[in-house]
Amino acid sequence: MSIILPEDPFHRRLHHVAPAGLTSDTAQTGGMRRRAAISGATVGAKRLWMGQTQVAPATVSANHHHGDSETAIYVVSGTPSFVFLDVDADEPHEVRIDTKPGDYIFVPPFVPHREENPDPDLEAVVVIARSTQEAIVVNLPELKWTGPVRTSA
């Protein structure tokens, strides 16, 4: 006998995704491997994406941004670096944020960046949460933003 739950916001099931349930069927960037845990495809999420990214030892990812998605990153292991272009300085220049396990990084929407793993032996692993239901990834040839200029009204 199967139980039929009412379709209201208070009576829906929780979803458990074990490490073996992560899927690589998500947007990718060269030099890193993303695996989705929570998404529309995996659990029916409507406004959230969450997963894991691994960067091999001595590897630099391609430059990219995540569209209109806010991205939160938690460093699980390794010492990854996050690089972006500081355009507020007199001369635009690359800024490198070096991290360690337990650190968090916030990437605002549309900010070009890349991940680097300078460690020659240890893989870097981070958990990522995004404010959009799927993983938006726009790979770029450089950190300089080349998209349309957005102006405020």
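A nonpolar core is a set of buried Ala, Val, Leu, Ile, Met, Phe, Trp, Tyr and Cys residues joined through side-chain atoms within 4.5 Å, where buried means under 20% relative accessible area (1.4 Å probe, protein chains only). The model is predicted: local features need pLDDT of at least 70, side-chain atom pairs count only at pLDDT 80 or more, and totals for chains, interfaces and linings use all residues. Residues are numbered from 1 along each chain as its sequence is written, and side-chain values use heavy atoms, without hydrogens and water.

The largest nonpolar core has 10 residues, among them Trp49, Ile73, Phe82 and Val126. At least two residues of this core come from each of β5 (71-77), β8 (104-107) and β10 (124-130); strands are DSSP runs of E, at least two residues, numbered from the N terminus.

One cavity of 30 Å³ or more is found in the whole structure. A cavity is a set of points on a 1 Å grid over the protein atoms alone where a 1.4 Å probe fits but cannot get out, and its lining residues have an atom within 4 Å of a point. Grid points are joined across faces, edges and corners, and the volume is the space filled by probe spheres set on the points. The largest cavity has a volume of about 40 Å³, and its lining includes Phe82, Glu115 and Val126.

His66 is found in the loop between β4 (63-65) and β5. His66 is buried, with a relative accessible area of 3%.

Terms used:
Buried means under 20% relative accessible area, exposed over 50%, partly exposed in between (1.4 Å probe, protein chains only). Helices (H or I, at least four residues) and strands (E, at least two) are DSSP runs, numbered from the N terminus. On a 1 Å grid over the protein atoms alone, a cavity is a set of points where a 1.4 Å probe fits but cannot get out, and a pocket is an open set with protein on both sides within 12 Å along at least five of seven lines; lining residues have an atom within 4 Å of a point.
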